[in-house]
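Subject: Structure handover

Hi,

Here is the structure you asked about. Please open it alongside this email. My notes come after it.

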Amino acid sequence: MFFGFGLNGLIHFFPLPPAEGAAAVFINGLSASRYFFPLLFIAYLLTGTALLIGRFVPLALTALAPVVINIVVMHLFLPASGLELCLAALVTVLEILLVWCYRAAFRPLLRARAEFAFLETRSTGRAS
């Protein structure tokens, strides 16, 4: 999904329906910045590619987490169709499912105190 929308955002191979009402105001504000949507679509493309090929999946999920939260919150607080709410719910469920599948990679992030292992110097018994 992210790969497809990222690719479409960059090369426009299928049109998206125009936003209406408060959602249009929000999207027009983001568009006015001129950098937001190209950056977002590149992020979609990179993270979507990582998920599709199975490389750097925890990193892709971490990068997508705030995007998924924004998608859900936007569709909850701005008028949205049932289809849009279903897609937001689907993306959220899939994100949570993949985080659960890769939970071992996220364990160090959830520790209250991190233990760092800096480079250890081992003496070989020889004088320098």
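This is a predicted model: local features need pLDDT of at least 70, side-chain atom pairs count only at pLDDT 80 or more; totals for chains, interfaces and linings use all residues.

Overall fold

The protein chain has six helices and zero strands. From the N terminus on, the order is α-α-α-α-α-α. The chain has 128 residues, and 22% of them count as buried. I also looked at contacts between residues at least 6 apart in sequence. Of these, 61% join residues at least 24 apart.

The core

The largest nonpolar core has eleven residues. They are Phe2, Phe37, Leu40, Phe41, Tyr44, Leu64, Val67, Val68, Ile71, Ala88 and Val91. Three helices each supply at least two residues of this core: H3 (36-53), H4 (57-77) and H5 (82-101).

Set aside its neighbours within four places in sequence, and Ala88 is in contact with Ile71, Val72 and His75.

H4 against H5

How do these two helices run relative to each other? Their axes come within 10 Å and cross at roughly 150°. Angles over 145 degrees count as roughly antiparallel, so H4 and H5 are roughly antiparallel to each other. The crossing is left-handed.

On the H4 side, the contact is made by Leu61, Leu64, Ala65, Val68, Ile71, Val72, His75 and Leu76. On the H5 side, the residues are Glu84, Leu85, Ala88, Val91, Thr92, Glu95, Leu98 and Val99. By class, this contact has twelve nonpolar, two polar and two charged residues.

H3 against H4

The axes of H3 and H4 come within 9 Å. They cross at roughly 135°, which makes H3 oblique to H4. H3 passes H4 in a left-handed crossing.

Which residues meet here? From H3 there are Leu40, Tyr44, Thr47, Ala50 and Leu51. From H4 there are Val57, Ala60, Leu61, Ala63, Leu64, Val67 and Ile71. This contact divides into eleven nonpolar residues, one polar and no charged.

Where the pieces join

Some residues turn up in both parts of the picture.

Best wishes

Technical notes. Residues are numbered from 1 along each chain as its sequence is written. Side-chain values use heavy atoms; hydrogens and water are left out. A nonpolar core is a set of buried Ala, Val, Leu, Ile, Met, Phe, Trp, Tyr and Cys residues joined through side-chain atoms within 4.5 Å. Buried means under 20% relative accessible area, exposed over 50%, partly exposed in between (1.4 Å probe, protein chains only). Helices (H or I, at least four residues) and strands (E, at least two) are DSSP runs, numbered from the N terminus. Contact means heavy atoms within 4.5 Å. Axes are lines fitted to C-alpha atoms, for helices over the stretch in contact, and angles run from 0 to 180 degrees between N-to-C directions. Angles under 35 degrees count as roughly parallel, over 145 as roughly antiparallel, 65 to 115 as roughly perpendicular and the rest as oblique. A crossing is left-handed if the near helix is turned anticlockwise from the far one by less than a right angle, and right-handed if clockwise. Ala, Val, Leu, Ile, Met, Phe, Trp, Tyr, Cys and Pro count as nonpolar, Asp, Glu, Lys and Arg as charged, and the others, Gly among them, as polar.
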